[in-house]
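Here's a quick tour for anyone meeting this one for the first time. Have a look at the sequence and the fold, then read on for a spot-by-spot guide.

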Amino acid sequence: MKHVETILAQLGNHSDPRTGAINTPIYLSTAYAHPHLGESTGYDYVRTANPTRDVLQAGIAELEGGKYGFATASGMAAIQLVLEGLLKAGDRIVTLQDLYGGAYRYFHHMEELGVYQFEYCLDQEALEAALKEETAMVFIETPTNPLMVEFDIEAIADLAKAAGALLVVDNTFYTPIIQRPLELGADVVVHSATKYLAGHNDVLAGLVVCSRDDLGEKLDFQLNTTGSTLSVFDSWLVIRGLKTLALRFKQHEKNARAIVDYLKEEPLVTAVNYPGRGGMLSFAIKDTELISDFLQALDIITFAESLGGVESLITYPKTQTHADIPEEVRLSYGLTDEILRISTGIEFAEDLVADLKQAFDAVR
């Protein structure tokens, strides 16, 4: 098994033996000629297969230690592919309460339509209790968004297996650099590739990985049937971004740790949520009345949604990423109005800390 840094740097190299192109070619053709009646080169129509997209799909499968990779039009399209490709109407899904707002919105909508049933759990103990009932799928993020709580994938995989349920893990925050859920017993991994994998805030994409042949066949059929495939050029952008993921992630993590060290000593901060690894963190500010002025005072860190890019971003979950979660639900699991989330970029760590300090000084 090659090291992840080598896999990333070599992604797409040797993919075009005819020309020897080092950089993966962008095959923009939507249709492909058939050599003879009843024969195919393996490529017929761009929705079904494309050489550029195939490089990305094979690459993410290798990175996650899986067999099948699928590239979708967004991270939410990746989640939709997994649920609608692997479940049937009426199935029950056990998931977490501390969940990305977009995933919650989709889950809630599906439940309102009567398609699936959902049970939301606050912790691993609640997950175990929920799995005593008939369940088709367990869907988790770890760490959670935005409270940064880690869950034991291996333990949950054992629980899911005993219950006859599939385990799906959203690995967007940690990426294969930190954790590989399939190796810990998960059945499917999803990514919003818009984030760390692409890494430059310039492409919308999702990725799905699995190892089981039966799941791979179902996901392949669903993706081809619905057509929510990633465009060719966007596939190339994700390939390009992946090549520097290992290098970028080291700086993301270094910057996150420096910011956490500062925030823990900042009098206007009442809590810091950081699991000790990765580039994501959240914190609670002392008074919500300070938030607007604090955000306006920042100079380097940008007030914007999304995460995982080279630029540092700060998000207010209440009005942005988690706006669709009812207030009483948010408050029930600790996502209060005081919480802000930071995605650290790859800037110089001391500059980011200085930016936060001057913003806090401006609102004292």
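This is a predicted model: local features need pLDDT of at least 70, side-chain atom pairs count only at pLDDT 80 or more; totals for chains, interfaces and linings use all residues.

Residues are numbered from 1 along each chain as its sequence is written, and side-chain values use heavy atoms, with hydrogens and water left out.

**Around G12**

- You'll find G12 in the loop between helix 1 (4-9) and helix 2 (51-63); helices (H or I, at least four residues) and strands (E, at least two) are DSSP runs, numbered from the N terminus.
- Setting aside neighbours within four places in sequence, G12 is in contact with I22, T24 and V55, where contact means heavy atoms within 4.5 Å.
- From G12 to P176 it's 164 residues in sequence and 18 Å in space, C-alpha to C-alpha.

- An open sheet is built from 7 strands in the order 1-7-6-5-4-2-3, with mixed pairing; two strands pair if DSSP finds at least two bridges between them.
- Strand 1 (68-72) and strand 3 each have a single partner strand and stand at the edges, so one side of each has no neighbour in the sheet.
- From one strand to the next, the twist averages 20°.
- Strand 1 and strand 7 (residues 206-210) run antiparallel and are joined by 5 bridges.
- Looking at individual bridge partners in strand 7, T72 goes with G206, and F70 goes with V208.
- Strand 1 is largely enclosed by the rest of the structure, because 4 of its 5 residues are buried.

**Helix 4 on that sheet**

- Helix 4 (residues 101-112) has 12 residues and reaches 16 Å from its first C-alpha to its last, close to the expected 16 Å; that expected span is 1.5 Å times one less than the number of residues.
- This helix lies across strand 2, strand 3 and strand 4, running at about 140° to strand 3 (axes are lines fitted to C-alpha atoms, for helices over the stretch in contact, and angles run from 0 to 180 degrees between N-to-C directions).
- Helix 6 (residues 153-163) also packs on the sheet, touching strand 4 and strand 5 (166-170), and its direction makes about 155° with that of strand 5.
- The buried residues of helix 4 are G101, G102, A103, Y104, Y106, F107 and M110.
- Their cover includes helix 3 (75-86), strand 2 (92-96), strand 3 (117-121), strand 4 (137-141) and helix 12 (327-332).
- Just after helix 4, G114 takes a positive phi of about 80°.

**The biggest nonpolar core**

- The largest nonpolar core has 36 residues, and those with the most contacts inside it are V82, L83, F107, M137, V188 and V208; such a core is a set of buried Ala, Val, Leu, Ile, Met, Phe, Trp, Tyr and Cys residues joined through side-chain atoms within 4.5 Å.
- Among the elements giving two or more residues to this core are helix 4, strand 7 and helix 8 (213-226).
- Helix 3 gives the largest share of this core, 6 residues.

**K195**

- The UniProt record, an unreviewed entry, places "modified residue: N6-(pyridoxal phosphate)lysine" at K195; UniProt positions are given in the numbering used here, feature names are shortened, and annotations may be inferred rather than shown by experiment.
- K195 sits in the loop between strand 6 (188-192) and strand 7.
- With a relative accessible area of 16%, K195 counts as buried.
- Leaving out neighbours within four places in sequence, K195 is in contact with T172, S306, L307 and G308.

- Strand 8 and strand 9 pair in the antiparallel sense over 4 bridges, and V272 has F283 as its bridge partner in strand 9.
- In the hairpin of these two strands, which has 6 residues between them, G276 takes a positive phi near 100°.
- Strand 9 (residues 280-285) and strand 12 (residues 339-343) run antiparallel with 5 bridges, and F283 stands opposite L340 in strand 12.

Definitions and conventions:
Buried means under 20% relative accessible area, exposed over 50%, partly exposed in between (1.4 Å probe, protein chains only).
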